[in-house]
Amino acid sequence: MTETRLRFPPSPTGYLHIGGARTALYNWLFAKKTGGKLILRIEDTDAERSTEESINGILDGLKWLGIDWDEGPYFQTRFSDDHLAAARKLLDQGNAYKCFCTKEVLDAKREAALAAKQNLGYDGTCRHLKPAEVRAKEEAGIPFVVRFRVPERQGTLGYDDKVLGRIECDYREVDDFVIVRSNGKPLYLLCNVVDDIRDKISHIIRGQDHMTNTTRQVLLYEALGAPLPVFAHIPLTLDTKKAKISKRSHGEIVAVHFYREHGFIPWAFNNFLALLGWSPGNDREIFTRQEMIEAFTLERINKSSSIFNFRKDDPKFFTDPKAIAINEHYLRTMAIEEIGELVRQELEEAGLWNQEYAGEKRQWYLKTLDLIRERFHTLKDFATLGRAYFAEDFRIEDKPLQKNVLKFPELQDWLPALADRYARMDEFSAEEAERLARELAEEKDVKPGVIINGMRTVVTGQLAGPSMIEVLTAIGRDRVVQRLRRTGELF
RNA sequence: GUCCUCAUCGUCUAGUCAGGUCCAGGACACCGGCCUUUCACGCCGGCAACACCGGUUCAAAUCCGGUUGGGGACGCCA
């Protein structure tokens with residue numbers, strides 16, 4: 001069997017969004033699974049909308065996700081000679097013709113058709129122009145586009161789709177489409193096919209929004225004398241109102257960089273994305289890279305589109321709850337050393353990183369992460385909710401402050417007193433520290449919870465957290481004593 | 001308007017090709033309980049779906065037809 005060759009061809013007109021990322025992921029998975037190659041091709045033929053910034057954004061997004069490619073990035077505009085040669089060939093073969101209809105006229109016709117609820121396609125005005133007429137118009141300097149001449153055949157054309165099965169369409173339904181602009185620049189439908197032929201692409205995995213393009217491109221392959229690749233049209237991701245997600249209407253929430261900035265673990269996000277339109281056929285949902293590569297097949301991609309279930313302005317779930325759940329799963333189960341690396345980046349960004357965490361304090365660092373990761377949702381939480389473990393300038397949240405501290409003014413005396421007892425201990429052990437706390441509660445005739453919860457608030461700033469014993473050892477005697485002694489400042 | 005296409009819990013989905021093992025399984029979310037003098041994790045339990053109508057068949061989520069609903073495309077964008 002010859003090598004499988006896949007491609008991911010983003011147009012650099014904006015950031016990488018989750019739909020594109022998922023398409024890239026599926027291509028990547030299939031390439032890896034079949035031992036093939038993934039080609040990255042930047043389709044920048046739309047000069048007006050393509051930007052350098054966007055190219056970098058897409059590359060960064062893919063790198064963050066860990067989707068690597070074997071060839072490229074190629075830039076489509078570098079191959080315009082190939083595209084124009086193909087257009088020339090089609091023109092010479094009679095598979096294409098020059099069309100002198102102006103954009104204004106076509107737009108007007110389209111608008112009229114839309115208003116009259118008529119068919120929208122090109123009416124073929126220039127299709128039957130005689131050679132002499134063409135020559136005359138050319139000599140008169142009238143600009144023209146090159147249109148593909150859809151064969152006049154009975155019956156249907158189509159292709160076998162790996163996801164959807166046989167797709168067919170009547171020849172009469174396909175309008176003559178433009179392959180070269182009037183400014184001489186080739187268009188997507190043509191460029192895409194020419195590049196795929198040159199790059200020897202064997203499998204095209206792309207969104208279902210390309211289905212009508214594929215129908216037309218099938219004709220291009222035939223006219224260019226090239227074999228058809230395997231097509232797999234994957235379902236689209238829609239928003240909760242079942243509209244196609246787009247950068248324009250949804251903004252940041254559908255951007256890959258949003259998830260990087262919100263502390264997602266890259267592979268966890270891939271794992272979520274993969275499940276949006278694919279399943280292994282059993283109840284398995286969590287996969288390592290290797291496991292997913294092995295499990296992935298085109299046949300198991302879903303036919304129907306899925307909904308990206310983010311709820312705008314939801315305080316608890318800032319994106320699809322399942323995405324967060326999967327991220328949490330990885331956060332709790334990944335090897336602590338790996339988490340350590342990811343959190344290191346967060347701490348560095350927040351200015352909380354201490355080089356000793358990689359050296360003599362490494363054990364403490366990893367143990368602390370392991371202690372606090374249980375109730376976190378994203379990598380960001382280590383630097384925010386977990387700030388008290390790494391710095392002194394942590395904020396005491398208002399809710400626990402009210403509930404656990406201010407409600408008991410006596411704590412102003414009790415907690416510093418407890419701090420003194422801690423300071424006097426020969427050896428600071430968790431068990432003994434807890435015993436002393438309970439002893440104090442008994443002396444003052446209050447429930448231990450008053451002391452313990454007050455202490456948690458003062459020491460960590462949080463309403464919730466690991467058991468107090470563990471917190472004490474993680475933060476360490478010196479810092480605990482210091483913080484308890486300053487309880488009065490909170491009143 | 002035309003063409004293409006899809007249809008199982010709120011969401012992601014298993015089951016559909018090879019009809020019976022499915023009064024439909026898992027996950028997320030939600031609700032309740034256990035654990036925990038915090039909160040979570042974990043564990044246990046609960047809620048919740050075969051779009052509709054016909055046909056084929058001893059038997060239909062599964063096959064066929066239609067209806068309805070959803071999505072996509074119809075650019076000198078990609």
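Which polar backbone atom is 3.3 Å from a base oxygen of RNA strand B? The atom belongs to S467. This is a predicted model.

- Of the atoms of RNA strand B within 4 Å of the protein, 72% belong to sugar and phosphate.
- By class, this surface holds 25 charged, 21 nonpolar and 20 polar residues.
- Helix α12 (321-333) is among the elements that supply at least two residues. Its share is four residues, the most of any element.
- Other elements supplying at least two residues each include helices α4 (103-115), α7 (211-223) and α19 (448-460).
- Strands β7 (165-170) and β12 (306-307) also supply at least two residues each.

- C101 contacts a base through its backbone. One of its backbone N or O atoms lies 3.3 Å from a base nitrogen of RNA strand B.
- S467 also uses its backbone, with a polar atom 3.3 Å from a base oxygen of RNA strand B.

**The β1-β2-β3 sheet**
- Three strands make up an open sheet, ordered β1-β2-β3, with parallel pairing.
- Strands of a sheet pair through backbone hydrogen bonds, either parallel or antiparallel.
- Here, β2 (residues 37-42) pairs with β3 in the parallel sense, over three bridges.
- R41 has Y74 in β3 as its bridge partner.
- Helix α2 (residues 52-65) lies across β1, β2 and β3. This helix runs at about 160 degrees to β2.

- T487 sits in the segment after α21 (477-485).
- Is T487 buried or exposed? T487 counts as buried because its relative accessible area is 0%, and the cut-off for buried is under 20%.
- A polar atom of the T487 side chain lies 2.5 Å from the backbone oxygen of L484.
- Neighbours within four places in sequence aside, T487 is in contact with L411, Q412, L415, P416 and V458.

Conventions: Residues are numbered from 1 along each chain as its sequence is written. Chains are lettered from A and ligands numbered from 1 in the order in which they are written. This is a predicted model: local features need pLDDT of at least 70, side-chain atom pairs count only at pLDDT 80 or more; totals for chains, interfaces and linings use all residues. Side-chain values use heavy atoms; hydrogens and water are left out. A residue is near a molecule or strand if one of its heavy atoms lies within 4 Å of it. A polar contact is a pair of N or O atoms within 3.5 Å; within protein, one must be able to donate a hydrogen and the other to accept it, and residues adjacent in sequence count only if both atoms are side-chain atoms. Ala, Val, Leu, Ile, Met, Phe, Trp, Tyr, Cys and Pro count as nonpolar, Asp, Glu, Lys and Arg as charged, and the others, Gly among them, as polar. Two strands pair if DSSP finds at least two bridges between them. Contact means heavy atoms within 4.5 Å. Axes are lines fitted to C-alpha atoms, for helices over the stretch in contact, and angles run from 0 to 180 degrees between N-to-C directions. Buried means under 20% relative accessible area, exposed over 50%, partly exposed in between (1.4 Å probe, protein chains only).
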